[in-house]
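Biologist: I'm new to this one. Could you pick a single part and walk me through it closely?

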Protein chains: 2
Amino acid sequence: MAGAPGTRSAGHGSSIMADAANRRADEEPAMTSEPTRPTGPAAPIVTAHQHQLEAELTDAVLASFGPTPDPRLKHLMEALVRHPHAFITEVRLSEREWQRAVDFLTAAGHITTDRRQEFVLLSDVLGASTQVINVNHEASANATEATVTGPFFTEASPEVPIGGDIAGQAKGQPCWVEGTVTGTEGNAVPGARIEVWQADADGLYDVQYAGQRVSGRAHLFADARGQYAFWALTPTPYSIPQDGPVGSLLQRTGRSPMRASHLHFRVTAPGMRTLVTHIFVEGDDLLDSDAVFGVKRSLVRPFRQQPPGTPTPDGREVAGHTWCRARFDIVLQPAAS
Amino acid sequence: MAGAPGTRSAGHGSSIMADAANRRADEEPAMTSEPTRPTGPAAPIVTAHQHQLEAELTDAVLASFGPTPDPRLKHLMEALVRHPHAFITEVRLSEREWQRAVDFLTAAGHITTDRRQEFVLLSDVLGASTQVINVNHEASANATEATVTGPFFTEASPEVPIGGDIAGQAKGQPCWVEGTVTGTEGNAVPGARIEVWQADADGLYDVQYAGQRVSGRAHLFADARGQYAFWALTPTPYSIPQDGPVGSLLQRTGRSPMRASHLHFRVTAPGMRTLVTHIFVEGDDLLDSDAVFGVKRSLVRPFRQQPPGTPTPDGREVAGHTWCRARFDIVLQPAAS
């Protein structure tokens, strides 16, 4: 939305919404010309007659979706009428603000490509993506928690063997990541497919570079005992893209564009529910102010810095580098029957 | 949003929303593991603990907009958090449905150009555009009512003199339109600028043709007494564009894409509030099912068919055509001080 300062003042509009919700189209309209004034300073005057007109329009739009054949789609569309109408009438959205919203969505659409997804970013910074995750991944006894996919996942990634390196051209400190994939009963999930992707030390994913670079991104398969390991880069904090409308929105609202340091995982296995998550870096200052509300405490892991000269697990030479290591044991839920 | 049949069932979720609304983050969380079940058939089970987690996320996102310097923008953004979160938690939006929404918005963005505005069309078919008009143009004693701008307005249009023809290459029955522009006190508004645009008899606006056609679109200026007249085309019903995601949405929901016959006006004058409106054709079968909810009774006008051979007001020859005439007296409100 990123609207300019509106030309209208508007206060807390909840009494408008409550009025509208309590009124039914088949009730006697309240035709009094006595205006009601929502609470809050400098709130707009909205008459009962005006409330009635606005509620009647909402009802007419709801009725237009009556013929929808699919009941779930009908339910969704009715909610997609009620909530935007409640928003518009509650905030008394100005025509200029509406135009700004149209311009914002247009700009988001035009900057979106196969390698840049501004609508996902918008959903992320509004916490909508995380809320969808919450709704679909209710807390389970011991399964690994899900978090947002983010805008940088791509279907195509190179395969690496267990112990392989996902970094490619991406620069950063080498980081050994290892763990197991099990079910909630502790049973190994042999051959689980593990997709991993991350930003480099400059804070950029491969898809943010010109060209068709693929780096900091790979998939591998857990072994017969569900064990896996790979070399990645120690995650570092980075800014979400600031050159589009979502970046402008964060600037205008005084919000930080920084994401807490993290490494993305997507884990799939036959008969198991797909898990999309991150691990975060213990001690990161940004854990409490992640721009996309993706941090869950259960996903924070120690990334242990190794003293110079410490041998690597697989004997790899990291001359000129220090390295770190992290462990992430992944617990998948069974797929819904 | 134009989602496929969801894999989740969901019932009426208002009890979820009411719970969330009534709960404050600083209250003792209800940690009972006894699930509450929203009313409705086959509704998802949502535990009190789950409600709490979802409400806490919404509160965290609201808090993130706390630093917004502009109070109006802060108010808008808070509402743009609360309403989408209420939507997601109420309908228990699935991840697949969320992805469909992202795909829908992406498709809308990619089909939108300088001459095609799918986001306006989306706002129109959800009744959001008309609701914004309602909110900003509360009923006035005798001023002409506003209605939606629609996606086909363009800033650039040729000027025609009073009595000129706006049709250009657009085909259809000639229609003489005349009227006056006055203020609410009956005072003439001399020199008011009147923009007019319309679809042709094939149901298409100029911008829907390939190339840079400009037709069925012009502006003129009222005379010193506020009077105006022009030749246009008798409005005919047409379908809104069906080749984009909004057209697909209407198909999937069993809604008609037809707009009631109309002629668009945008009237501006110094010191007066800009009026964007249509006139509709009395007797049109589509007045009650307009795809964008734009019809207001006060804007319906007789378009009087003239018997063959009836002389035209300005002596123009319409050989081989019949013609019709309509009158539209426009009453502008003073600009807000």
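Modeller: Let's start just past helix α7 of chain B, where B:G254 has a positive phi of about 70°. Helices here are DSSP runs of H or I with at least four residues, and strands are E runs of at least two, numbered from the N terminus. Keep in mind that this is a predicted model: local features need pLDDT of at least 70 and side-chain atom pairs 80 or more, while totals for chains, interfaces and linings use all residues. Residues count from 1 along each chain as its sequence is written, with chains lettered from A and ligands numbered from 1 in the order written.

α7(B) itself spans residues 245-252, and B:P245, B:V246, B:L249 and B:L250 are buried in it (20 or more other C-beta atoms, placed from the backbone, within 10 Å of their own). Those four sit on the same side of α7(B), because they cover an arc of only 145° around the axis, going by the directions from the axis to the C-beta atoms. What do the buried residues of α7(B) pack against? They pack against α4 and α5 (118-125) of chain B, contact meaning C-beta atoms within 7 Å.

Now follow α4(B), residues 95-111, across to chain A: its axis and that of α4(A), also residues 95-111, come within 8 Å and cross at roughly 90°. The two helices are therefore roughly perpendicular (65 to 115 degrees). Among the residues meeting there are A:L105 and A:H110 from α4(A), and B:L105 and B:H110 from α4(B).

Technical notes: Axes fitted to C-alpha atoms, helices over the stretch in contact; angles between N-to-C directions. Parallel < 35°, antiparallel > 145°, perpendicular 65-115°, else oblique. Contact = placed C-beta atoms within 7 Å. Buried ≥ 20, exposed ≤ 12 C-beta atoms within 10 Å, placed from the backbone.
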